[in-house]
Amino acid sequence: MSVEDCRLIDVPSFSDPRGNLSFVEGGGHIPFDIARVYYIWNIPEQAVRGAHGHRELQQFIIPASGSFNVVLDDGRQTRTVHLDRPDQGLYICPMIWRDVTQFSDGAVCLALASLPYDEADYFRDYREFLDEASRRER
Ligand code: TYD
């Protein structure tokens, strides 16, 4: 698994004079069934969210409002993705360390997740993440 496996996915959207509507179906528009939804909001501009990796979890991140950067790191290379369109999200595969930074005023980060919350799935320690990433490469 690498940062190249993380990709932008367009979200189907309807636009009419009343505004826009976008929707995501698990297993259809994104490559996993949705077990959990969470969102981060009221975020100070200088905040860094994320700063962790996941063993198994897959996620789809949508900038429901405003914009932010997602810095992806698979232990070998990093890639920064700027998200600023509510009709486009970022798929993040397992074993990716991510930092979420550069939040605009009023940004809302909406996350669709493949599993219920489980702290045991997290890498909170970067060194531990790197060790596991290189172990899986062997
Ligand atoms: P945290 O992992 O620090 O957020 P970030 O996505 O920025 O890394 O989560 C903050 C707190 O919320 C932490 O105590 C774990 C808790 N939490 C849940 O209880 N359920 C969830 O689905 C999530 C994502 C976090």
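This is a predicted model: local features need pLDDT of at least 70, side-chain atom pairs count only at pLDDT 80 or more; totals for chains, interfaces and linings use all residues.
Start with the rings. The structure has eight aromatic pairs. One of them joins Phe14 and Phe23. Their ring centres are 6.3 Å apart, and their planes meet at 15°. Planes under 30 degrees apart count as stacked, so Phe14 and Phe23 form a stacked pair. Phe14 is exposed, at 56% relative accessible area. Phe23 is partly exposed, at 29%.

Now turn to Tyr117 and Tyr122. Here the ring centres lie 5.8 Å apart, with the planes at 65°. An angle over 60 counts as edge-to-face, so that is the label for Tyr117 and Tyr122. Tyr122 is buried, with a relative accessibility of 12%.

Next comes a group of rings. Trp97, Phe123, Tyr126 and Phe129 make up one aromatic cluster.

Finally, look at the cysteines. The structure contains zero disulfides. Cys6 is in none, and its nearest cysteine sulfur belongs to Cys93, 4.0 Å away. Cys6 is buried, at 1% relative accessible area. What about Cys109? The closest cysteine sulfur to that of Cys109 is in Cys6, 14 Å away. That is too far for a bond. Cys109 is buried as well, at 4% relative accessibility.

Methods: Residues are numbered from 1 along each chain as its sequence is written. Side-chain values use heavy atoms; hydrogens and water are left out. Rings of Phe, Tyr and Trp (its six-membered ring) pair if their centres lie within 6.5 Å; planes under 30 degrees apart count as stacked, over 60 as edge-to-face and the rest as tilted. Buried means under 20% relative accessible area, exposed over 50%, partly exposed in between (1.4 Å probe, protein chains only). A disulfide is a pair of cysteine sulfur atoms within 2.5 Å.
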